[in-house]
Amino acid sequence: MSEDIRSFTVALDDDGIRLDRWFKRHMPEASFNIVSRWARTGQLRVDGKRVAPGDRIEAGQVLRVPPLEPAAPAEARPARARPALSPEDESFAQGLVIHKDKAALVVNKPPGLATQGGTKTDRHLDGLLDALQFEAETRPKLVHRLDKDTSGALLLARSARAAAAFSKSFSSRTARKVYWAIVIGVPSPEDGLIDLPIAKQPGTGGEKMHVSEEAGLPSRSRYRVIERAGNRAAFVELQPLTGRTHQLRVHLAAIGHPIVGDGKYGGPDAFLTGGVSRKMHLHARRLRIDHPDGGRIDVQADLPGHFADSLALLGFDPAAGDALPLDEIKASETPEGRKRAAAHAAKDRRRERRGERRGRGRA
């Protein structure tokens, strides 16, 4: 064996990832085309066996990697250095943390702070993550997002392994997210499900969504009225059962009850008079998700000042919202549950066909 051939043992943090993702993470200079060529010619091995770039690897397996041809200097791209954070920024970011363990952080994102950067958005949570590395080897990773003007619980993964586990929980809908909102008017019925497809609205300058039966993706939101202020406004609990952009805002506006302060989807009708803040009243109150090492993370985020003031002004009691029991997810709502149901249905159909054939044979 050539001295240039290297061996790597797959670490626990890389357990279950695709082989091409391992190279992207640990050997970015080996492009996907190079890894594919190594695999095609049998130079790339895992525990001595030939593999494909899309195969998943397990902790403890040994990768045999051939020597990498030196890249031309012009192809080398200098790493972009992140700007150093000021002591004030570090203190601000660390003050947002409401849960911390070896795998996860949960922050209480204030309204007005974007989750990630973009056009004309220089200050954002992603840019503050260096302050939240603490004793971990790397900075935490975003695994979901909140709109800029939405406040509340936001989960960060402290390792690649934790990020993969949390992403799977979100995609499989086993994670539970509970939002609180104040909406215009009172939805009827007071406990319901909004099932309207959502698509990006064409022709709009910024990112704006709308309900579209033709182009929309399936989107479902559960809501429950917690308290009402006559017919003027309602304090509601919301649970998104799918994860479309601006889903809760679009759905509430579509049924005629826009979230207070959400002028983007509710227009001028989304504001209350009498001293109620004009900021958006949508808050991620609670997050419950399986922990990668067992058990659950179950965190509540305190309300921002303007939301708490509006609740008090309208006579709503936050304790009434916390008193509502959390809906347990039904197996039929998860991808795994739907697969099992489809498999059982197919099995029943096969049994019926076998029964029909036996019946014809006896006849």
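This is a predicted model: local features need pLDDT of at least 70, side-chain atom pairs count only at pLDDT 80 or more; totals for chains, interfaces and linings use all residues.
I began with the ion pairs and counted 17 salt bridges, taking as a salt bridge a side-chain nitrogen of Lys or Arg within 4 Å of a carboxyl oxygen of Asp or Glu. Residues are numbered from 1 along each chain as its sequence is written, and side-chain values use heavy atoms, with hydrogens and water left out.

**Entry: R18 and D20**

I looked up R18 and found its side chain in a salt bridge with D20, at 2.9 Å from N to O. For burial I use relative accessible area: under 20% is buried, over 50% exposed, and in between partly exposed (1.4 Å probe, protein chains only). D20 is buried at 14%, while R18 is partly exposed at 32%.

**Entry: R228 and E190**

Next came R228, whose side chain meets that of E190 in a salt bridge (2.9 Å, N to O). R228 sits in strand β13 (residues 220-229) and E190 in the loop between β9 (176-184) and β10 (191-195), so this pair ties together parts that are 38 residues apart in sequence. Strands here are DSSP runs of E with at least two residues, helices are runs of H or I with at least four, and numbering goes from the N terminus. R228 is partly exposed at 42%, and E190 is partly exposed at 35%.

I then followed shared partners: salt bridges join R82, D126, D130 and R139 into one network. Within it, I checked R139 and D130, with their closest N and O atoms 2.8 Å apart. R139 is buried at 18%, whereas D130 is partly exposed at 29%.

**Entry: a positive patch**

Which residues form the positive surface patch? I listed K347, R349, R350, R351, R353, R354, R357 and R358. Patch members have over 30% relative accessible area and no salt bridge, and like charges are joined within 9 Å, each charge being placed at NZ of Lys or CZ of Arg.

**Entry: the sides of α7**

Last, I turned to helix α7 (residues 305-314), where H306, F307, S310, L311 and L314 are buried. They cover an arc of only 140° around the axis, which puts them on the same side of α7; the arc is taken from the directions from the helix axis to the C-beta atoms. On the face turned away from that buried side I found the exposed residues D309 and A312.

How values were computed. Patches are made of residues with over 30% relative accessible area and no salt bridge: like charges are joined within 9 Å, nonpolar side chains (Val, Leu, Ile, Met, Phe, Trp, Tyr) within 5 Å. Accessible areas come from the Shrake-Rupley method with a 1.4 Å probe; for residues, only the protein chains shown count as cover. Lys and Arg count as positive and Asp and Glu as negative; His and the chain ends are not counted.
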